[in-house]
Amino acid sequence: MSESQMLDVVELVENEKNKTNVKCTHCDSLILKPATADYVESEFDLPEPQQKRRQSSDPVGEPAPFTCEKLKHFWVVSDMFTFENIGFSHTVDKTKYLICADCEIGPVGYHDLQTKRCYIALQRVKHTA
């Protein structure tokens, strides 16, 4: 779901926490149980799950630039062991990206190495009872 689509945050948040289960949109794997993550609004450029292939006209030896989506609705957890199921990428510019540990699709969020907090984008997961 892109940021331009309406996200009904009111239906997802209860007492500033996630009201429902948070699951992978692709394989339905459980990522967070209800009431385990705090809701925050903070802008972050999260890489798109599908990246464009390197073009022959791109400069040789330089990595292809990531295409990102600016997101601002996140579930945040302070302890990575709060997750039921999540995978971490290698470090990229003081950030580790979060993926589904079962199907390895993502990123669904990011881990800030400075604050040690993990952020899951509401737009990149599904919410179920």
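A disulfide is a pair of cysteine sulfur atoms within 2.5 Å. The model is predicted: local features need pLDDT of at least 70, side-chain atom pairs count only at pLDDT 80 or more, and totals for chains, interfaces and linings use all residues. Residues are numbered from 1 along each chain as its sequence is written, and side-chain values use heavy atoms, with hydrogens and water left out.

**Exercise 1.** State how many disulfides a search of the whole structure finds, then examine Cys24.

Solution. The search of the whole structure gives zero disulfides. For Cys24, the nearest cysteine sulfur belongs to Cys103 and lies 3.6 Å away, and Cys24 is in no disulfide.

**Exercise 2.** Classify Cys24, Cys118 and Phe88 by accessibility.

Solution. Buried means under 20% relative accessible area, exposed over 50%, and partly exposed in between (1.4 Å probe, protein chains only). Cys24 has 1% relative accessibility, so Cys24 counts as buried. Cys118 has 0%, so Cys118 counts as buried too. Phe88 has a relative accessible area of 31% and is therefore partly exposed.

**Exercise 3.** Locate Thr20 and list its contacts beyond its neighbours within four places in sequence.

Solution. Strands (E, at least two residues) are DSSP runs, numbered from the N terminus. Thr20 sits in the loop between strand S2 (17-18) and strand S3 (21-24). With a relative accessible area of 17%, Thr20 is buried. Contact means heavy atoms within 4.5 Å. Leaving aside those sequence neighbours, Thr20 is in contact with Leu32, Lys33, Pro34, His127, Thr128 and Ala129. From C-alpha to C-alpha, Thr20 and Ala35 are 7.4 Å apart in space, and 15 residues apart in sequence.
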